[in-house]
Amino acid sequence: MEKEDLQILMLEDNELDAELNIQQLSYLEEYNCIINLIQTKEDYIKEIESSTPPQLILCDYNLPQYNGMEALKDLNTRGILIPFVFVTGTMQEEVAVDAIKAGAWDYVVKDRLFRLPLAVRGALGLKKEREAARKAKEKIFRLIQSIDKTSAQIIIADENHRIEYANRKVCEITGMSLKELTGSDARLSVIYEDHPEYESKINACFEKGEIFRGELLARNKNNERRWELVSITPIKNRHGEITNFVAVKEDITAQKKLEKDLIKARDEAEESNRLKTAFLHNVSHEIRTPLNVIGGYSNLLKEREFTEAERQDFISVINSSSAQLVSIINDIFAISTLEANQEQINREKFNVNSVIDELYDIFKQKAAEKDIAFSARKSLPDGNAVIHSDRIKITQILSNLINNALKFTSEGSIKFGYLVNADSMEFFVNDTGIGIDPAFQDIIFDRFRQEDSSINRLFGGSGLGLSIAKGYAELLDGRLWVESEKGKGSSFKLSIPHNISSEEDASLTSTA
């Protein structure tokens with residue numbers, strides 16, 4: 001049988017005792033003992049700190065300048081796992097007990113030196129066990145460190161659902177310390193909101209040992225809620241008895257939000273497609289109507305039996321239909337440039353009162369035809385009503401709002417104009433028309449949206465006017481909104497930054 005080399009460090013000052021020790025070591029038939037005999041502390045420290053330390057240390061208890069207990073202490077303080085056996089002339093029982101407590105692996109008195117081979121074998125066997133235990137301990141430590149640093153929450157509970165261990169992530173998420181968690185009831189009713197759909201499965205997990213997996217809404221110490229993917233696995237011994245429960249939890253709040261956002265985006269995309277389809281049908285109808293009128297009356301003009309007055313009426317209808325068609329096309333062009341972020345703002349100084357006067361002149365006849373009281377309010381005198389903004393955009397916004405007010409008001413009044421606030425100018429168009437349900441007061445400004453699809457059929461129009469007006473308002477660094485009650489009229493308001501001056505560009509310090 002091939003022998004295994006065994007490096008032995010012998011700390012002994014008596015050469016005869018050393019020879020006797022070596023003689024006994026020769027009985028270790030399975031080992032080829034390589035003895036390194038030393039006598040000083042310096043040599044001892046050098047050997048145990050070397051890159052190839054000894055595999056066994058035999059040490060006399062009493063040395064002239066360095067005793068065995070000191071040698072044992074120097075070894076232990078370095079944390080080196082080397083079997084340390086005392087070989088000494090005499091050792092009282094109390095001293096032997098102290099030596100074992102201090103970390104000696106065994107001791108052999110010289111009058112019973114025949115025990116040395118047995119002591120060596122025992123120490124080497126014990127070393128293997130301690131190495132295995134140390135490796136297991138290190139492995140467990142690394143495992144616990146990994147579990148503690150993982151992004152998942154891990155809880156270990158006993159068979160009575162009491163928490164024995166919770167990693168750092170659990171403490172972080174719940175806002176509770178390990179001390180608070182340890183010993184507490186780990187059943188989901190303590191940590192989670194009610195989940196009736198999982199109640200029977202959760203109970204089966206804790207009572208029957210079945211595996212549970214599901215998405216649960218959790219709450220922490222501060223009552224903050226988050227979604228978690230939870231897996232609970234019962235741990236059983238070889239007799240099938242539950243000894244522990246292991247819960248692994250992942251925070252899926254972000255995924256749930258993403259899922260919700262994706263569903264919302266899908267629904268919005270489907271709704272957008274539906275609205276665009278309805279819009280295209282409506283616009284095609286709106287375009288065909290004036291085109292049919294233009295074509296029909298143009299053909300009538302070819303006939304000679306009509307009087308000049310009748311022909312002028314036909315021309316008037318054709319012009320009106322042409323203007324309607326141009327308006328629809330302009331709306332489509334405007335919404336296209338807004339969608340493409342190509343719409344430009346052309347700021348200039350102009351008198352806002354002149355815009356109010358022009359709009360009043362344009363719409364007063366139409367209001368009179370519907371027997372609607374029509375009025376305008378100017379809050380500044382003409383000489384102090386100069387602003388720096390886009391005249392055309394403001395005119396288009398107000399024109400659209402007034403036109404809508406006339407369209408949806410059958411009786412009562414329409415009033416428009418502006419007020420001057422501390423840091424803004426607020427235009428308004430108030431009517432006593434059909435009003436707008438609060439649930440629809442935001443969406444009417446969206447592309448292709450109206451309060452009801454039947455609005456188009458009842459009142460006509462492309463449904464783009466308010467979205468264009470809102471787009472222009474935002475380009476002006478302003479805001480457009482509505483205040484309305486169903487059946488009691490509406491108040492549309494446009495607010496733009498305050499930049500008023502007089503005709504001579506003097507700063508305005510007060511408002512009329």
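Let me start with a definition: rings of Phe, Tyr and Trp (for Trp, its six-membered ring) pair if their centres lie within 6.5 Å, and planes under 30 degrees apart count as stacked, over 60 as edge-to-face, and the rest as tilted. With that in hand, a search of the whole structure finds seven aromatic pairs.

Before the examples, a word on the source: this is a predicted model, in which local features need pLDDT of at least 70 and side-chain atom pairs count only at pLDDT 80 or more, while totals for chains, interfaces and linings use all residues. Residues are numbered from 1 along each chain as its sequence is written, and side-chain values use heavy atoms, with hydrogens and water left out.

Take F84 and F86, whose ring centres are 5.1 Å apart and whose planes stand at 80 degrees, so this pair is edge-to-face. Both residues are buried, which means under 20% relative accessible area, where exposed is over 50% and partly exposed is in between (1.4 Å probe, protein chains only). Together with Y61, F84 and F86 form one aromatic cluster.

F374 and F416, by contrast, are stacked, with 5.4 Å from centre to centre and 25 degrees between the planes. F374 belongs to strand β12 (residues 373–377) and F416 to strand β14 (residues 413–420), so the pair ties together parts that are 42 residues apart in sequence; strands here are DSSP runs (E, at least two residues), numbered from the N terminus. F374 counts as buried at 12% relative accessibility, and F416 is buried too, at 0%.

Methods: Helix = DSSP H or I, 4+ residues; strand = E, 2+ residues; numbered from the N terminus.
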